[in-house]
Amino acid sequence: MFDIGFSELLVIGLVALIVIGPERLPRVARTLGNLAGRLQRYVADVKADINREVELDELRKMKDSVQQAASGIEDSVRSEINKTESDLNAAAGSVVAETPKLPEKTA
């Protein structure tokens, strides 16, 4: 995150020791460590929430594309079924028209 080297940390530590004093320095360092940990957890939670939202958005897009593909397939299957049904009805009508009628028997 920040580009801080060891020598810079050493200077910060010496200044803090002089300004804060050796009695309160451990307590201040502990408090700063706790605050830094909270900040890291907060940032990690925000990142996780953002990642979840991105994944949820991707899943919604995928769901929409699958639904569109399924409706397209359904439409093509329905049109093929209707075409086949009309062809079969036409063929059945021509077969009925071509069959000769048998004379009726009287008893």
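This is a predicted model: local features need pLDDT of at least 70, side-chain atom pairs count only at pLDDT 80 or more; totals for chains, interfaces and linings use all residues.
View 1. Because Lys-61 and Asp-57 are four residues apart in helix α2, about one helical turn separates them (helices are DSSP runs of H or I with at least four residues, strands are E runs with at least two, and both are numbered from the N terminus). Residues are numbered from 1 along each chain as its sequence is written, and side-chain values use heavy atoms, without hydrogens and water. Local features need pLDDT of at least 70 and side-chain atom pairs count only at pLDDT 80 or more, while totals for chains, interfaces and linings use all residues.

View 2. The side chains of Asp-49 and Arg-52 meet with an N to O distance of 2.8 Å. These two residues lie three residues apart in helix α2, so they are separated by about one helical turn. Asp-49 has 40% relative accessibility and counts as partly exposed.

View 3. About one helical turn lies between Arg-78 and Glu-74, because they are four residues apart in helix α2. Glu-74 is partly exposed, its relative accessible area being 38%. A search of the whole structure finds three salt bridges.

**View 4. The largest pocket, lined by residues of α1 and α2.** The largest pocket holds about 290 Å³ of space, and 11 residues line it, of which Leu-9, Ile-12, Ala-16, Ala-29 and Leu-32 are the closest to its centre. The elements that contribute two or more residues to this lining are α1 (6-20) and α2 (25-98), with α1 giving the most, five residues. The lining is made up of 10 nonpolar residues, one polar residue and no charged residue (Ala, Val, Leu, Ile, Met, Phe, Trp, Tyr, Cys and Pro are nonpolar, Asp, Glu, Lys and Arg charged, the others, including Gly, polar). On a 1 Å grid over the protein atoms alone, a pocket is an open set of points where a 1.4 Å probe fits, with protein on both sides within 12 Å along at least five of seven lines, and lining residues have an atom within 4 Å of a point; its volume is the space filled by probe spheres on points joined across faces, edges and corners.

**View 5. Gly-21, at the end of α1.** Just after α1, Gly-21 adopts a positive phi of about 100 degrees. The chain contains two helices and zero strands, and 2% of its 107 residues count as buried.

Key: Buried means under 20% relative accessible area, exposed over 50%, partly exposed in between (1.4 Å probe, protein chains only). A salt bridge is a side-chain nitrogen of Lys or Arg within 4 Å of a carboxyl oxygen of Asp or Glu.
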